[in-house]
Amino acid sequence: MTEQTLVLVKPDGVRRNLIGEVIARIERKGYVVTDLRYVQATRELLTEHYAEHVGKPFFEPLVEFMMSGPTVAIRVEGDSVVEGFRSLAGATNPTTAAPGTIRGDLGRDWGKKVIENLVHGSDSTLSAERELAIWFS
């Protein structure tokens with residue numbers, strides 16, 4: 001069954017000129033990019049996106065990081081794309097992410113307040129629907 005998901009190339013990925021690499025890996029996997037936006041995220045957008053984390057100790061550093069530069073929001077479609085992209089992205093922590101994944105091949109721990117791990121992918125079809133509405137409204 002065809003699904004949609006939100007993929008974000010976070011500010012660290014944009015700064016490191018990895019937008020094309022991320023898109024190439026998505027397309028080589030057989031998924032289709034159906035929309036793409038270059039966004040300077042606002043606090044309001046990020047508070048809505050990360051609503052479940054408001055009040056947690058890492059929330060403010062996360063928002064600061066995500067506001068530190070532009071983000072590329074990508075709408076991706078394909079069969080089982082939510083699970084497939086999360087597998088392609090790799091573990092949240094780039095230090096332990098498997099080789100062959102985006103985070104495993106391209107990410108590393110920079111010793112900052114929050115993990116700068118290059119990409120975000122929705123964790124469920126419900127999250128994807130909610131997040132796509134936020135970033136592509």
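Reply: Let's begin with a term: a residue is called buried when its relative accessible area is under 20%, exposed when it is over 50%, and partly exposed in between. One more thing to keep in mind is that this is a predicted model.

With that scale, glutamate 52 counts as partly exposed because its relative accessibility is 46%. Its side chain meets that of arginine 130 in a salt bridge, with 3.8 Å from N to O. This pair links distant parts of the chain, since glutamate 52 sits in the loop between helix 3 (43-49) and helix 4, while arginine 130 belongs to helix 7, 78 residues away. Arginine 130 is partly exposed too, at 32% relative accessibility.

How many salt bridges are there by this rule? The count is 6, and some of them share partners: Glu21, Arg25 and Asp105 are joined into one network.

Let's follow that network. Glutamate 21 and arginine 25 form a salt bridge whose closest N and O atoms are 2.7 Å apart. The two residues are 4 apart in helix 2, which puts about one helical turn between them. In general, an α-helix has 3.6 residues a turn, so residues three or four places apart point the same way. Glutamate 21 is partly exposed, with 29% relative accessibility, whereas arginine 25 is buried at 12%.

Arginine 25 also has a salt bridge with aspartate 105, at 3.0 Å from N to O. Because aspartate 105 lies in helix 6 and arginine 25 in helix 2, this pair ties together parts that are 80 residues apart in sequence. Aspartate 105 is partly exposed, at 38% relative accessibility.

Charged side chains can also sit over rings. Arginine 108 lies over the face of tryptophan 110, 3.6 Å from the ring centre. Arginine 75 is placed over the face of phenylalanine 136, with 4.9 Å to the ring centre.

Now for the surroundings. Which residues of helix 5 are buried? In this helix, residues 81-89, they are Val81, Val82, Gly84, Phe85, Leu88 and Ala89. Seen down the helix axis, they fall within an arc of 165 degrees, so they line one face of helix 5. On the other side, Glu83 and Ser87 are exposed. Just after the helix comes glycine 90, with a positive phi of about 95 degrees.

Strand 4 holds histidine 120, and the UniProt annotation "active site", from an unreviewed entry, covers this residue. Is His120 buried or exposed? Histidine 120 is buried, because its relative accessible area is 14%. Beyond residues up to four places away in sequence, its contacts include Phe85, Arg103 and Glu131. Leu8 and Lys10 are also among the residues that histidine 120 touches, and both of these are in contact with methionine 66 as well. Methionine 66 lies in helix 4 (residues 59-66) and counts as buried at 0% relative accessibility.

Note on methods: Residues are numbered from 1 along each chain as its sequence is written. This is a predicted model: local features need pLDDT of at least 70, side-chain atom pairs count only at pLDDT 80 or more; totals for chains, interfaces and linings use all residues. Side-chain values use heavy atoms; hydrogens and water are left out. Buried means under 20% relative accessible area, exposed over 50%, partly exposed in between (1.4 Å probe, protein chains only). The arc is that of the directions from the helix axis to the C-beta atoms. UniProt positions are given in the numbering used here, feature names are shortened, and annotations may be inferred rather than shown by experiment. Contact means heavy atoms within 4.5 Å. A charge sits over a ring if NZ of Lys or CZ of Arg is within 6 Å of the ring centre and within 35 degrees of the ring normal. A salt bridge is a side-chain nitrogen of Lys or Arg within 4 Å of a carboxyl oxygen of Asp or Glu.
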